[in-house]
Amino acid sequence: MQKMPQWADVVLIPLISLLLAAILSALVILAIGENPWAALKLMVDGSMGSTYAWGYTLYYATNFIFTGLAVAIAIHARLFNIGGEGQAMLGGLGVALIALYIPWPHWTLALLGGAVGAALFGAAWALIPAWLQAKRGSHIVITTIMFNFIAAALLNYLLIGALKPSGSMEPATGRFPEATHLPTFQDMFSTAETALFRGAPVNVSFFVALIACVAVWALIWRTRLGYEIRAFGQSESAAKYAGISPTRIIVVTMLISGGLAGMMAINNVMGEAERLVLNAVEGAGFIGIAVALMGRSHPFGVLLAALLFGFLYQGGAELALWTSIPRELIVVIQALVILFTGALDNMVRMPLEAMFLRLRPAPKPARKTEPAE
């Protein structure tokens, strides 16, 4: 029997956790001599007050949707993939190779090719940790985080060597061909009279991220594989008794997870930078962990959490620009959100469960039946 309604677990607990994080953040802002209400207003205006602001918020949210989905699908199999950062880096390498060395006639085909390349490279980077977990018992957390460092070193080696154009001093690839450039929201929604999203990097990849949300929902709750992933996550022994192979589930789940993290590169590498540069991921792989936890590993929750962190990223940049509040304070706010939605989840959950148990009507006593004569 559930101790609380499903809506309370999915909506109420994250909302209260977010409110607690906001209260503590306001106290920190007060402590450094700033007005929390003015800071909040500036963050809202800077992240949602114009199409330009929305353009940056949605750009960041697109990155977080991909990495959040990557972590979420692994959590359903009780796997904690914290290698999204490295998998997204290798996804960027896949996009760069696809864009630079294959002549594409149109951006639509380049987008499909880039998505496939990014997913394959991201999945390949998750394969070895998955195999080590399934066959050797190596903990997925240790191997995936180590592979983040290996990915960074590999990318650095390639960008100052084989992939760097001759004569260039910057550790980056050359610009991708014009046919691979993805349309931005400015290209898609501006008119001759009104320019919308002017200069913002949000692009068609946002819609790919929305499609990925629907695809992950369908996979987890509408397919046999999704049922096996959830069954394995609930009880490995019961899943084995039902004929589900733990090795197959671990490997397949991590391949899907790595592929989703890698697909982030179609947004930041192909869509925004239009070339591969060092530190293109910018921590989005780690933010995906918070997004998945706050979204309760559900694609719709991941979407909402990604929008929240996109708001924090863009709003934080405005705070740093127009006030004396340091940019690092936004990292503190993000850490508080992660703390309350993850590590301190039970601090909110347990009182709510107790409250709902008290509000639940007592079961009626069973009626005694008279013995038949």
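Tyr52, Tyr56, Tyr59, Tyr60, Phe64 and Tyr313 get together in one aromatic cluster. Rings of Phe, Tyr and Trp (its six-membered ring) pair if their centres lie within 6.5 Å; planes under 30 degrees apart are stacked, over 60 edge-to-face, and the rest tilted. This is a predicted model, where local features need pLDDT of at least 70 and side-chain atom pairs count only at pLDDT 80 or more, while totals for chains, interfaces and linings use all residues. Residues are numbered from 1 along each chain as its sequence is written, and side-chain values use heavy atoms, leaving out hydrogens and water.

**Aromatic pairs**
- Counted by this rule, there are 12 aromatic pairs.
- Take phenylalanine 64 and tyrosine 313: their ring centres are 5.1 Å apart and their planes sit at 70 degrees, so this pair is edge-to-face.
- That pair links distant parts of the chain, 249 residues apart: phenylalanine 64 is in helix H3 (residues 51-76) and tyrosine 313 in helix H14 (residues 299-322).
- Helices here are DSSP runs (H or I, at least four residues), numbered from the N terminus.
- Both phenylalanine 64 and tyrosine 313 are buried, meaning under 20% relative accessible area (1.4 Å probe, protein chains only).
- Phenylalanine 185 and phenylalanine 197 also pair up edge-to-face, with 5.2 Å from centre to centre and 85 degrees between the planes.
- Phenylalanine 185 lies in helix H7 (residues 185-189) and phenylalanine 197 in the loop between H7 and helix H8 (205-222), so their pair ties together parts 12 residues apart in sequence.
- Phenylalanine 185 and phenylalanine 197 are both buried.

Note on methods. Helices (H or I, at least four residues) and strands (E, at least two) are DSSP runs, numbered from the N terminus. Buried means under 20% relative accessible area, exposed over 50%, partly exposed in between (1.4 Å probe, protein chains only).
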